[in-house]
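Okay, everyone, thanks for coming. Let's talk about aromatic rings today.

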Amino acid sequence: GLIVVMTATGIFDYRVLHKLDENSLNYRMDDPLIEWVAENADADDIWLTPTYALHKVVLGGAMLYYGWPYYAWSAGYDTWGREEIVKQMYEASDSVTLDALMTEHNIRYIVVDHDVRTSTSYVVREDVIAATYRAVYTDGDGDWTFTIYDTDKKW
C-alpha cells in the first residue's frame, strides 16, 4: 500500500513540475530598456513607476519608490501613505510642486507608460513632467509610449 501511495504522489509531483515549465515567463536580457537602465542608472537612484512587480526596469536594476505594494505592506510598511505620495507626484499641477516632491523623496527617474496613463488611482500630468524634465529614454508611440524622465536634467 505504501509503495502505491508513494508512486502516486511521485507521478503527481512530476506532472506539477512539468507543467511549471510550460507557463514560464522569459525576458531577453539584451533588451534595450534593460540595458539602458543597467548602463545609465546608479544602484541608489530611486525610480517613480507604476506598481511594478516584475518589469524590464526592475530587471535592469532599478530601485522603485513604490513598486508592488504587497511586498512592503506584508512587511509592515505604510503603503497607503506612499500611494498617496505617488498620486501627488504624478498629478503635480506645476513644475515647482513637481520638482519639490521629486527633491523631497529623492526621485531620480520618472517612468510614464501605458500603466501610468491609464491608472485609475491618479490622472497623470505628463505635460507638467515633460515641461519640467528631459526625457532620456523613449520607446513606442501613442498611449503605449514608454518614457523615462531624468530629474537631474531640467529644462
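So, which residues do ring pairs link into a cluster? They are W36, W47, Y109, Y137 and F146.

Quick housekeeping. This is a predicted model, where local features need pLDDT of at least 70, side-chain atom pairs count only at pLDDT 80 or more, and totals for chains, interfaces and linings use all residues. Residues are numbered from 1 along each chain as its sequence is written, and side-chain values use heavy atoms, with hydrogens and water left out.

Now, the pairing rule: rings of Phe, Tyr and Trp (its six-membered ring) pair if their centres lie within 6.5 Å, with planes under 30 degrees apart called stacked, over 60 edge-to-face, and the rest tilted. That rule gives seven aromatic pairs. Take W36 and Y137: the ring centres are 5.8 Å apart and the planes sit at 55°, so this pair is tilted. It ties together distant parts of the chain, with W36 in helix 2 (residues 32-40) and Y137 in strand 4 (residues 133-139), 101 residues apart. Helices (H or I, at least four residues) and strands (E, at least two) are DSSP runs, numbered from the N terminus.

Buried or exposed? W36 is buried at 15% relative accessible area, and Y137 is buried at 13%. Buried is under 20%, exposed is over 50%, and partly exposed is in between (1.4 Å probe, protein chains only).

Then there's Y70 with Y71: centres 6.2 Å apart, planes at 70°, so edge-to-face. Y70 is partly exposed at 48%, while Y71 is exposed at 53%.
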